[in-house]
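Please read the following briefing alongside the sequence and the coordinates.

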There are 2 protein chains.
Amino acid sequence: MDSGYKGKVLDVIKAQNLQVGDRILAKNEKVSFTGILMPRSELDDEMHIILKLDDGYNLGLAIDSLSLQKLPQEEIKAEQPAFEERSDPSLPKVSIISTGGTIASKVDYKTGAVSPALTAMDLYQLVPELGKIASIRTEILFSLLSENIEPKNWASMARAVVGHVRDGAQGIVITHGTDTMGYTAAALSFALKGLPVPVVLVGSQRSSDRPSSDAYLNLKGAVLTAASAPFAEVCVLMHCSSSDGCLVAHRGTRVRKLHTSRRDAFESVNAQPLAKVEGGKIEVLGEYRKRSMGSSLEAKATFDEDVVLIKSFPGVPTDLFDPIIHRDFHGIVLEGTGLGHFPSSSFGQIKRAIDGGMTVVMASQCIWGRVNMNVYSTGRELLKLGVIPASDMLPETALVKLMWVLGQTNDPAKIRSMFLENMAGEISTRSEYIEKEEESSE
Amino acid sequence: MDSGYKGKVLDVIKAQNLQVGDRILAKNEKVSFTGILMPRSELDDEMHIILKLDDGYNLGLAIDSLSLQKLPQEEIKAEQPAFEERSDPSLPKVSIISTGGTIASKVDYKTGAVSPALTAMDLYQLVPELGKIASIRTEILFSLLSENIEPKNWASMARAVVGHVRDGAQGIVITHGTDTMGYTAAALSFALKGLPVPVVLVGSQRSSDRPSSDAYLNLKGAVLTAASAPFAEVCVLMHCSSSDGCLVAHRGTRVRKLHTSRRDAFESVNAQPLAKVEGGKIEVLGEYRKRSMGSSLEAKATFDEDVVLIKSFPGVPTDLFDPIIHRDFHGIVLEGTGLGHFPSSSFGQIKRAIDGGMTVVMASQCIWGRVNMNVYSTGRELLKLGVIPASDMLPETALVKLMWVLGQTNDPAKIRSMFLENMAGEISTRSEYIEKEEESSE
């Protein structure tokens, strides 16, 4: 089998007597990785090996800074400690759990590409001020680009949070890729029941070795928030403007990435942010769930992955529903137009899905505002078919919530009542939030 | 066959000797409709008949204000003139083409529902000041809730615009439901080649018989803009804030409905609006295509309906692609995360689609910003598979453009170059628009 390696990298592989498929340890004085040596597909590269880590992630590693060593199968955990600790017992205990993403990545100057390469300990070493804010413990949970994070990874994160809190953590920071950080924040908001401390998701829009990086400030603010914010909620902490002046903590169920590249890409939708973080101070902006000493924390982290989101558009073909109906999915989030509409040409398929036992909910692609399916005939007909309106939930939050609800029960009445209940700040009544809303549309 | 009608409405139907399936004329002194009498499914209503109009739209009509009359098949056009005219020859000629939606609807006080019931002439009669701004001609093209508007309806609108311009119109107003008005605006932007006059799409978020209605001001502003704006572009004109102070014209390819109910629900994304309209004055805000006297206007209005949009989310099942691949669709718009990413679990299906001849493009669910698929390995792998990046186009505009491009050619090289070319202001270079963009992410 042609390994695809050539030039210098092939020489190194041969010299070490390594073969594609071998389990190897690659390390230098700072980092170490174990994984399976993978074949190479990029033909123009003579400097990198590809390692498939145990979490399935393929990592490209430059061989010139690493020593390579063949391992027997399964000899792995001892080589890369999952936890590392630095303690100043007088400071609040904060755990940093790294999951991958730009905040934990480096630019590959050869290709211009960004790859996840920094461990939580690396981050800590890059921002030594963290040690003055909190007594830090770090865990590398996995290293995934966030577009590849799946519901099962939400469950791992929820269980990791529970573990750290039971071990005494007074705040949790989770470093995460920004692409799907909003989805994860919503998932943890539903999954962590009885949360006594803040869980702060943090990412960066620019990798930490770029001059414009937001990684340092975001991470510092996240540790500060985890250590000393008065709320016990899941939030996303990112820049509040494109300058380095201030940070903002968004409630996990209300946050959406709304720009591809700006540092202040995240916004709270249909809600005030939880807090502003500026000059080392946390200013809480509204109602919140308070910190507590109780230890009733529990991870209800079963998510039903057989849920899909279908966005409406002119001419949306009814065929799109076929595999969902045939493969017997459990839930559909319709991302409809306006107040919660979908082309009437799809009503037959929607009815089939509901009659077949699927839960179908309606959110709006408008993003801001509230679905109201009583205004137009389209909405009323969908309600009659059994479609459940998602109120002022983000479509992404409605998706995560439906996955979570279907993971807890399969009783149709309970599914409906749980979906309609405000569980983690994801639904508000009109009077609670009026900044972006004027008088109603009915 | 049980017609579903009962009570008073059944008495009327029986008295007129009408049956479900009959072609009937329903009219009073103001309006008249012809269509097929449909069976009734709402069991608690004794006051309305349902008429299927010739464009397929089902209309509910209260029988107490109407006379009903059975027609021979096809006797229709003479009863409902398509065009109505009021001329003051000294004023600019503006045509108002009505297509349905809230701006052309009335609240049904029995059910609280809004139904399309006003013709273009009704609108004109409701806002007599229009006659002081322009010499108005009206056409009822169809009456559809905009969630039911399909690409074939875009083609009808494009052809109607061409007809009115050839007949001397110096500006066109199209009244339209707000749900999909942005999609239609993009479609007309691509379809109308050599446009010499403004085409102003206008809707309202509150029906015209409600005190808070934005219908009057929007319609007046639209006629003013059509009559006297210096630009010859397709735009959407709506409120610029929730108060009644000013209106704003958004370029057709850059506009998105971003709130379910606010009067200022529409925003320009990744671009400045075309113009502000306030106190009877039009202030143009940037570069624009100028009005001309030329008559090279042409409707290139073939849209390929075999195009779908798939939005990414954590755990998106690969099954979603099956019907698209099996049914041999022609194009897919991926609404990815961040800079243009999709879970790698779908790469196999995306490759199959492209290898099978489909065009696959990538836009971002972030809405604001620009896809850049060279930064992360995920993006670069998708580019290698042949995915075409949609730059800073809205996902909705990318969808409409792909439908349009595939309607013009099936040569893969041409499809790619047309999709990547800025045709109607839908793509900008970084330097052209920096308000919401800071330094790039690479």
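**Briefing on a predicted two-chain model**

In chain A, five of the five residues of strand β21 (residues 307-311) are buried, so this strand is largely enclosed by the rest of the structure; a residue is called buried if 20 or more other C-beta atoms lie within 10 Å of its own, exposed if 12 or fewer, and partly exposed in between, with C-beta atoms placed from the backbone. Helices (H or I, at least four residues) and strands (E, at least two) are DSSP runs numbered from the N terminus. This is a predicted model, in which local features need pLDDT of at least 70 and side-chain atom pairs count only at pLDDT 80 or more, while totals for chains, interfaces and linings use all residues. Residues are numbered from 1 along each chain as its sequence is written, and chains are lettered from A and ligands numbered from 1 in the order in which they are written.

**The sheet of chain A**

- Val307(A), Leu309(A) and Lys311(A) point one way from β21(A), whereas Val308(A) and Ile310(A) point the other way, and all are buried.
- An open sheet of four strands has the order β21-β22-β23-β24 in chain A, with parallel pairing, where two strands pair if DSSP finds at least two bridges between them.
- β21 and β24 (388-389) of chain A stand at the edges with a single partner strand each, so one side of each is left without a neighbour in the sheet.
- Five bridges join β21(A) to the parallel strand β22 (residues 331-336) of chain A, and in this pair Leu309(A) stands opposite Val333(A).
- Two bridges join β23 (residues 359-364) of chain A to β24(A), again running parallel, and Met362(A) has Pro389(A) in β24(A) as its bridge partner.
- Helix α10 (residues 395-408) of chain A lies across β21, β22 and β23 of chain A and runs at about 170° to β22(A); axes are lines fitted to C-alpha atoms, for helices over the stretch in contact, and angles run from 0 to 180 degrees between N-to-C directions.

**Chain B: sheet and helices**

- In chain B, four strands form an open sheet in the order β21-β22-β23-β24 with parallel pairing, and β21 and β24 (388-389) of chain B stand at its edges, each with a single partner strand, so one side of each is left without a neighbour in the sheet.
- Strand β23 (residues 359-364) of chain B is joined to β24(B) by two bridges, the two running parallel, and Met362(B) stands opposite Pro389(B) in β24(B).
- α10(B) lies across β21, β22 (331-336) and β23 of chain B, at about 170° to β22(B).
- Eleven of the eleven residues of helix α5 (residues 181-191) of chain B are buried, so this helix is largely enclosed by the rest of the structure; among them are Met181(B), Tyr183(B), Leu188(B) and Phe190(B).

**Contact between the chains**

- 66 residues of chain B are in contact with 67 residues of chain A, two residues being in contact if their C-beta atoms, placed from the backbone, lie within 7 Å.
- The elements that give two or more residues to the side of chain B that touches chain A are β9 (113-116), β21 (307-311), α7 (322-326), α9 (377-385) and α10 (395-408) of chain B.
- A rotation of 180° with 0.0 Å of shift along its axis superposes chain B on chain A with an RMSD of 0.2 Å, where copies are superposed by least squares on the C-alpha atoms of residues with pLDDT of at least 70 in both.
- The two copies are thus related as by a two-fold rotation axis, and the same surface serves both, since 100% of the contact residues of chain B recur in chain A.

**Single residues**

- Lys311(B) lies in strand β21 of chain B and is buried, with 25 other C-beta atoms within 10 Å.
- Leaving aside neighbours within four places in sequence, Lys311(B) is in contact with Leu309(A), Lys311(A), Glu335(A), Glu335(B) and Gln365(B).
- Ser292(A) sits in the loop between β19 (281-284) and β20 (298-299) of chain A and counts as partly exposed, with 13 C-beta neighbours inside 10 Å.
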